[in-house]
Amino acid sequence: MTESNVVERKPLSLNNSGLYLIGLTGGAAIALTVVCAPFVSPALRRVCLPYVPATSTQIENVLHALKGRKGNLLDLGSGDGRIVLAAASAGFKSTGVELNPWLVWYSRFAALKAGFHQKTSFYRSDLWKFSLKPYNNIVIFGVQQMMEELEEKMTREVSEDTYVVACRFPLAHRNPDATIGTGLDTVWLYKFNR
């Protein structure tokens, strides 16, 4: 080989803009994963209970079912807190239970912004592990696969004179005391008396 054919090879190095770009895309990927994981993980649970916001008609139907009632209200799977906030505005001491931490934080912020932070509470908890005993009004936006097991939990835990409002799907073995609305906005009222 002659001296003119020899090419000197330098080790590959990243300049500052390359490192910045790698850090930025890696950070964005991690942030996206952290934000999206709580919304995707319900699909990996035994019973998939996805976040589906309540419509204004559903909220009206829930409040209609609870008209004249007082006391504590529990919303199982409270999502973004719409039912809890509406119930608080109707005079209930309202609690929401939600597994998704982002929705719990959003709900707390919405309650603070609406001026209901003293009349509402939001907990990040599995609804199967949360005690129903202190509540005489319970709302559930469930899925069909969970309603039978949820009905058994309610039968074991609720107090006398508890109203349960099931949205989207009725309880499996009880006849409702009232049916309000039509289609997806239908709610079923059940009066639990021991």
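This is a conversation about how a few terms apply to one predicted model.

Colleague: Why are α2 and α3 called oblique to each other?

Modeller: The axes of α2 (residues 56–65) and α3 (residues 82–89) come within 10 Å and cross at roughly 45°. Angles under 35 degrees count as roughly parallel, over 145 as roughly antiparallel, 65 to 115 as roughly perpendicular and the rest as oblique, and therefore these two helices are oblique.

Colleague: Which residues make the contact of α2 with α3?

Modeller: On the α2 side they are I59, V62 and L63, and on the α3 side R82, I83, A86 and A87, where contact means heavy atoms within 4.5 Å. By class, 6 of these residues are nonpolar, none is polar and 1 is charged; Ala, Val, Leu, Ile, Met, Phe, Trp, Tyr, Cys and Pro count as nonpolar, Asp, Glu, Lys and Arg as charged, and the others, Gly among them, as polar.

Colleague: What makes D161 and R69 a salt bridge?

Modeller: The term asks for a side-chain nitrogen of Lys or Arg within 4 Å of a carboxyl oxygen of Asp or Glu, and the N to O distance between R69 and D161 is 3.3 Å, so the pair qualifies. D161 lies in the loop between α5 and β5 and R69 in the loop between α2 and β1, so the pair ties together parts that are 92 residues apart in sequence.

Colleague: Is R69 buried or exposed?

Modeller: Buried means under 20% relative accessible area, exposed over 50%, and partly exposed in between, with a 1.4 Å probe and protein chains only. R69, at 11%, therefore counts as buried, whereas D161, at 38%, is partly exposed.

Colleague: How do you know that D80 and R82 form a salt bridge?

Modeller: Their side chains meet at 2.7 Å, N to O, and D80 counts as buried at 9% relative accessibility, while R82 is partly exposed at 36%.

Colleague: Which residues is P53 in contact with, beyond its neighbours within four places in sequence?

Modeller: P53, in the loop between α1 and α2, is in contact with Q58, D80, R82 and R168, and with a relative accessible area of 33% P53 is partly exposed.

How values were computed. Residues numbered from 1 in each chain as written. Predicted model: local features only at pLDDT ≥ 70, side-chain atom pairs only at ≥ 80, totals over all residues. Heavy atoms only, no water. Axes fitted to C-alpha atoms, helices over the stretch in contact; angles between N-to-C directions. Helix = DSSP H or I, 4+ residues; strand = E, 2+ residues; numbered from the N terminus.
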